[in-house]
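Please look over the sequence and the structure below, then read the notes by topic.

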Amino acid sequence: MKNIKKLKNFINKTRDLFSKASVLRNNEKGSTLIIITLIFTSLMIITALIVDLGIAYYKTAELENAVDASALAAGQLLPIKEDNQTAILAIKNKAIEYATKNSITNITQSNVVLSNKVNGYYTQLKITVPTQLETSFAKIVGVNFINISRNATVKLSPVKQVGDVVPMSITKTNLDASIANNSTTHLALKVGGGDGTTGAFGAIDLDGVKGGGANDYNLWLTYGYTTALSAGEQIYPVETGNMAGPTNSALIQRYNSCTHFPSEGGCTLNHYSANCSRIVKVPVVEYINKHSIKIRGFAAFVLEPFTNSGYVYGSFIKMVISGPVSDNLEFGDALDYGLYSAKLTN
């Protein structure tokens, strides 16, 4: 940026020279040819410098867009445990991969910095890329290179609205206790016959209309609910009854649709693709009474093998999705249940 200032100062001095030349032209009529030559020469120099400055500004904007895109791509792998060196290496390599695709060739792992540790997790990523541009015309005034640098920071924030939710649930009390005890595998998202409380088996009617029935339930469980839901004060009715049949058919289809990691049996807690059908997003709920609940947040789970018993189990995961973030809610807050949006920040 110092070289850019140097070029600007040269242009300003040349402009002052034009003013002086104009005065000289009025007072020294015999020097007209010299003055015109001087003006044209200076004009050519200014034009050349403007071209270099224009290229520098264009390259700066281009670099900024590329760094932003790389940060957002790598940010999808957040959050990362601070002691997980494999994951740290993976997110840095992801940033380098996307930067390279955007013609940034001078980025290394040292240019990618993880920060903002919360409860043992990195929740923020910053990429800084310095670049040196060789000038074409500014060399005549001693400026051979223009140094520019751009950075982008991505930060995780819990989402307040989630789409593709399935009509199962976990209570806030149960999930809070599981997270506190670090026992977040094999959690029941729906129970089977002989279990449940007052006719509630963990299933909820996502459109808020009682009597949606088994067909809606099966459709939403197979493909996810098409309307985004928000955490808040709206009351939803529970689905009464076990509905083992619709649960069985939907879960078998969803579980068997996984095509990832075929040599290892598909997606599991140890290795999964974020867009896999075995990944389900469920409401974290609070029962108002035996017939209705309120959504307090959203959580994601990797489905465990299904047993056709009406029971559905999953392992809790943290992941990045698309969606609006919660106002004034930060990573690790009481209503943070592991679903985040990665946003560019200053």
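Leaving aside neighbours within four places in sequence, which residues is Leu125 in contact with? In this predicted model, Leu125 is in contact with Ala71, Ala74, Leu78, Ile91, Val112, Val113, Leu114, Ala152, Thr153 and Val154.

**Nonpolar cores**

- The largest nonpolar core has 31 residues, and the members that touch the most others are Ile104, Ile107, Leu125 and Ile127.
- Two or more residues of this core come from each of helix 2 (32-75), helix 3 (85-101), strand 2 (112-118), strand 3 (121-134), strand 4 (145-158) and strand 15 (339-345).
- Helix 3 gives the largest share of this core, six residues.
- Another core, of 24 residues, lies apart from the largest one; Val159, Val162, Cys258 and Val285 are among its members.
- In soluble globular proteins, nonpolar side chains tend to be buried together.

**Asp68**

- Is Asp68 buried or exposed? Asp68 is buried, yet it has no salt bridge.
- The nearest side chain of opposite charge to Asp68 is that of Arg150, 8.3 Å away.
- Not counting residues up to four places away in sequence, Asp68 touches Ala152 and Leu344.
- Ala152 is also in contact with Leu125.

- How many cavities of 30 Å³ or more does a search of the whole structure find? The search finds one.
- The largest cavity has a volume of about 30 Å³.
- Its lining consists of Glu304, Pro305, Phe306, Thr307, Tyr311, Val312 and Tyr313.
- Glu304, one of these lining residues, sits in the loop between strand 12 (292-303) and strand 13 (312-317).
- Glu304 counts as buried because its relative accessible area is 18%, and buried means under 20%.
- Not counting residues up to four places away in sequence, Glu304 touches Thr185, His186, Leu187, Tyr255, Tyr313, Gly314 and Ser315.
- Thr185 and Glu304 are 119 residues apart in sequence, and their C-alpha atoms are 9.2 Å apart in space.

**Asn346**

- Why does Asn346 count as exposed? Its relative accessible area is 96%, and exposed means over 50%.
- The C-alpha atoms of Asn346 and Lys155 are separated by 9.6 Å, although the two residues are 191 residues apart along the chain.

Conventions:
Residues are numbered from 1 along each chain as its sequence is written. This is a predicted model: local features need pLDDT of at least 70, side-chain atom pairs count only at pLDDT 80 or more; totals for chains, interfaces and linings use all residues. Side-chain values use heavy atoms; hydrogens and water are left out. A nonpolar core is a set of buried Ala, Val, Leu, Ile, Met, Phe, Trp, Tyr and Cys residues joined through side-chain atoms within 4.5 Å. Buried means under 20% relative accessible area, exposed over 50%, partly exposed in between (1.4 Å probe, protein chains only). Helices (H or I, at least four residues) and strands (E, at least two) are DSSP runs, numbered from the N terminus. Contact means heavy atoms within 4.5 Å. Lys and Arg count as positive and Asp and Glu as negative; His and the chain ends are not counted. A salt bridge is a side-chain nitrogen of Lys or Arg within 4 Å of a carboxyl oxygen of Asp or Glu. On a 1 Å grid over the protein atoms alone, a cavity is a set of points where a 1.4 Å probe fits but cannot get out, and a pocket is an open set with protein on both sides within 12 Å along at least five of seven lines; lining residues have an atom within 4 Å of a point. Grid points are joined across faces, edges and corners, and a volume is the space filled by probe spheres set on the points.
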